Amino acid sequence: HQGAQCRQHLLPHACRQHADGQVHALDEALRGKGHAASARHVPRLQGRQPLLVQTAQEAGKARQPAGREGSGGTRGREGLMETKTVKTHHVPVRYFEGGKGEPLVFLHGAGGITAEDPFLAELAKKYHVFAPLLPGYGDSEECGELREMLDITLHTWDAVEALGLKDPILVGHSMGGMIAAEMAAITPNDVSRLGLICPAGLWLD
């Protein structure tokens, strides 16, 4: 297990640069013409299930009329996310929490996220979801001390530790995917599984 003390040791040795070609609209296509060949199966990924798998029973419930669940009962409040606050070294972190099961940390993209996001509700059906807000998003406080991606990465690990989570599933979307990838690169032994959804990119060391 790699804790905060080990991560702090990495700080003096970090030498990071922005990746080239950030304006993708101006980049030339890698393939001049024609269609790419069909993707082949990756042997080591066969047998794995995605984070969200709809079972036959769940599919049957989804086909029930609105306002009903199972044998005529009213729709419950399953999937509703609660808004909470946890203290970290730099700034208090607002986060959404909901669901039961294996802990999963979801990092939002540059567009932010709300407690009513349907994707969080779907994740909460299978996992115990924690979705921290980055400083300045929603009603979270801004923090001028966090200037670079490495600062945000370490701050997010501080939030995970403040929540008392150990080896959580780490999922990130867009900018959150970039942060999640950085977190896993710094302390790979502290992440049980990593899911990147349209990640913004990676940094070069």
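A residue is called buried when its relative accessible area is under 20%, exposed when over 50%, and partly exposed in between (1.4 Å probe, protein chains only); by this criterion, 34% of the 205 residues of the chain are buried. This is a predicted model, in which local features need pLDDT of at least 70 and side-chain atom pairs count only at pLDDT 80 or more, whereas totals for chains, interfaces and linings use all residues. Residues are numbered from 1 along each chain as its sequence is written, and side-chain values use heavy atoms, with hydrogens and water left out.

**Fold**
- The chain has five helices and eight strands, taken as DSSP runs (H or I of at least four residues for helices, E of at least two for strands) numbered from the N terminus.
- Along the sequence, these elements follow the pattern α-α-β-β-β-β-β-α-β-α-β-α-β.

**Aromatic pairs**
- Two aromatic pairs are found in the whole structure, a pair being rings of Phe, Tyr and Trp (its six-membered ring) with centres within 6.5 Å, and planes under 30 degrees apart counting as stacked, over 60 as edge-to-face and the rest as tilted.
- The rings of Tyr 95 and Phe 130 are tilted, because their planes lie at 35°, with centres 6.3 Å apart.
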